[in-house]
Amino acid sequence: MNFLLVLLLAIGLGDYTPEPEGPIALTNARIVTVTGDTIEHGTLMMQGDRIIAIGTDVEIPENATVIDCTGLIIYPGFIDTGTQLGLVEVGSLPETRDARELGDFSPQMKALTAVNPNGVAIPVTRVSGVTTVLTEPSGGMLPGQAALINLHGYTPAQMYAGFEGMILSFPNTGRRGRFDSRSEEDIEKAAKAAMKKLDDTFDSAALYHRIDSSYHASPEVGRRPEYVPSIDALLPVLRGEQDLIIQVNTAKDILAALAWVEKRGFDNVIFTGLAEGWRVADKIAEAGIPCLVGPVLAVPTRNSDRYDKAYRNVALMHAAGVKVAIRSGETENARNLPYNAGFAAAYGLGKDEALRAVTIIPAEILGVADERGSLEVGKEATLFVSDGDPFETRTQIRHVFIGGYHLPMESRHTRLYDEFLSRDPGLKKHSP
Amino acid sequence: MKQLFLLTCGLALLASAAAQAPTGSVLVRDGTVLTVTDGTLENTDVLVVDGRITAIGSDLDTPAGAEIIEAGGMYVMPGIIDAHSHIAISNVNESSAPVTAQVTVGDVLNPYSIALYRALAGGVTTSHVMHGSANVIGGQNETIKHRWGAVDPEGLRMAGAPRTIKFALGENPTRVHGRGNNLRPASRMGVEYVLRETFNKAIRYQEAWDRYEAQVRSNRRAVPPAYNGQLEVMADILSGDIIVNCHSYRADEILMLMRVLEDFGVDRVTFQHVNEGFKIAPELAAFGAEGAAASIFADWWAYKFEVYYSTAYNAAILTRNGVLTSINSDSAELNRHLYHEAGKSQKYGGLTDNEALALITINPAKQLGIGDRVGSIEVGKDGDLAIFDAHPLSIYAVPQKTIVDGIVYFDIDRDADDMRLRVDPEAAIDTAILHTHDDHHQCLHEGSIDLYGFLANE
């Protein structure tokens, strides 16, 4: 991770320490730890922002706040590794979209800068058990750096959840969508030009890195490279300090991306998207590149594909040996991540793997598994309590904790429900 | 209206020729039958003969020629109905004018669309294929059955289904025409007056024809008024022959259309999307003789400003306030898992299983005027069934077989990986098309250009 960022956060977080009165104990619960055994009738205790105890014989101090969870289940907060939450408020209004900066090469842009902690979709998402999301800039080849955020906090620094990654939108060799009416030749030409631009950029970055490194090795004799902000921002990736998240979807592009990664010698690469990952899953597995895959709720990429290929993609990739986390690709409806996981479960992945794919696996891929992704003593107390299987639509989420904070189960959606279910006045006002 | 009468007779003849949609006979044995209108029946057989449900019970005899489906441990529900779709048509919007009542998407049906098969694989048997939302008064819609494999577009039509038409309020028509073409409407005020002016013209047009028809009885040389295809359709709305289906979001504009329709004596309307329907549920329920209906998204919101103040509890609030409500897709993707979308009404407001299933079966059927033919499992209704391996409101339910008119059109066990390959000699490769977010909100798609993207970039 970026050293400067650590420094920045250390300063930013200086006066921010959650200090609840005593510990909070969730008792009599089924505790789905994900990484260990599931515990029946257990207690999970939190203090500050940490999980401090899990088990069936946890001693609960007198000053603890006890929440009886009989009949309820505790899960680690779900992690959505592909959203634009906090960056986009209303999809069609440019004034409310901060996910895209001008230009095709803007790796110096940081999503975390533009995250709006008060975005209306943030509470809407977290009350569904999705507590942590990767929010991504978009547009152009190097749109900027995605940030992992918890969906609670009053500043981006408070929301920051320990990972930033450089997004690379890999050149698309196919059609961009159903409205892309370019000829085959034009598509090929554009793809070639884009690949050249990509290589030129990383060649420049490599040179810049060499000059920069020799300067740092002996600053008294060396010279700093001429400052080029977009190239400068790629240094952490070239130094192996920051992951490169490559957005890539079609089989042909994935193969091209694999070849490109090998040629460049990067070992800090994550793939994201992977609509056709199943087609070349063995190749991805061979390269050992972890993948953030989704949306699962999607149509197949080709008319000739079996109708359920998008549903099965995650399962097929997993079976081939790829490390796969599930992403919703949504913004205001990132709350549907559990349903993307549910469909993946139903179409070959199975419930346990699907659960891992929205908890510990994304945490491992993003390098934050020491903090999140499972219920373990010492990890951050970011979790939720449900009355059933969280992938089922009939299940209600009862409690959400993020960083130890017990959050209200409220959002614009619930407030409008409360106000309008039995509207008063109804059809007629009181007569005077 | 003589031309219209002759035209209608001609079309009726054509239609009756084309209406011989193939039917089949099938016995679905020993399933858990979710009838929707008559509760859940365990270990029950459903018999379809020549496309109609003829018996529901136990140990039913198999008539000769009927296919037998063993549904032990499976759930059998009525074929799902999507009340708002744009699949299987080659154009969505005739966006050349704020009023285009004269056009119909029934003219551009595409029976080869893969979306039909994919819908079947999601248990969906009927779609209300709609004109887009670019115009205040858009074109007429078509209610189709997913008879995958038909080569003639006529084979998709659900013969006898009432005519419906698309209206649209709010951001879309004001953007396309007001800001896009400097044509009224540019505001919600203008939308009301485009509606009122067009209805008033239709009344005058109808009066002129009534006068002519009275005159021509005594005077064979009476001169008929000029024929106007658009006003013919508008007059048919006024006479109650066409059901209005109106794209709408905000409470104020929905109230406006109800006032306008009331003033013109139209008492049947289904509001589409109607994200702010929850705010005026009592008014919707009180409209006309039977209330205004609402066909909504399960949880879409915030993609544009007029859906910013939305709640996913819309279905529950509307249902609890007595509004006839359905959940639709407006998307070839979402269309495939409407059973899952209906399930969301249990998370958001705790609807019962039956209420949730009604949102995608009998309720949309009633809204489309086909509630006596489809939307529930009842003797006498069409043999349109969807069979799941678990309760269809469960996330883990996988559709197994889908039956239309007694014919199995989707069977998960007969779905080879390569059965969809159709080699196009012109194409160099089988092109991969990515699912993008714009695939949703098909309302503003127009043939090969994306009006929504186009306007978003203005």
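The model is predicted. The partner of Arg157(B) in a salt bridge is Glu154(B), with 2.7 Å between the closest N and O atoms. Glu154(B) is partly exposed too, at 29% relative accessibility.

Arg188(B) takes part in a salt bridge with Glu253(B), where the closest N and O atoms lie 2.7 Å apart. Arg188(B) is partly exposed, with 25% relative accessible area. Glu253(B), in contrast, is buried at 2% relative accessibility.

A salt bridge also joins Arg188(B) to Glu306(B), at 2.8 Å from N to O. Again, distant parts of the chain are linked. Arg188(B) sits in helix 4 of chain B, while Glu306(B) sits in the loop between strand 13 (293–296) and helix 8, 118 residues apart. The relative accessible area of Glu306(B) is 2%. Burial requires a value under 20%, so Glu306(B) is buried.

Elsewhere in chain B, salt bridges with shared partners form a network. Its members are Arg52(B), Lys145(B), Arg147(B), Asp382(B), Asp384(B) and Asp405(B). Over all chains, the count is 50 salt bridges.

Between chain B and chain A, contact involves 69 residues of chain B and 64 residues of chain A. The buried area is about 6300 Å². Carbon and sulfur atoms give 54% of this area. The two chains are joined by 2 salt bridges. One of them pairs Arg423(A) with Glu283(B), at 2.8 Å from N to O.

Five elements of chain B each supply at least two residues of the side that touches chain A: helix 2 (114–120), helix 7 (281–286), helix 8 (314–320), helix 9 (338–347) and strand 19 (449–450). Helix 9 of chain B gives the most, with 6 residues. By class, the residues on this side of chain B comprise 35 nonpolar, 17 polar and 17 charged.

Terms used:
Residues numbered from 1 in each chain as written. Chains lettered and ligands numbered in written order. Predicted model: local features only at pLDDT ≥ 70, side-chain atom pairs only at ≥ 80, totals over all residues. Heavy atoms only, no water. Contact = heavy atoms within 4.5 Å. Buried area = accessible area lost by both parts, 1.4 Å probe. Salt bridge = Lys/Arg side-chain N within 4 Å of Asp/Glu carboxyl O. Helix = DSSP H or I, 4+ residues; strand = E, 2+ residues; numbered from the N terminus. Nonpolar A, V, L, I, M, F, W, Y, C, P; charged D, E, K, R; others polar. Buried < 20%, exposed > 50% of the residue type's maximum accessible area, 1.4 Å probe, protein only.
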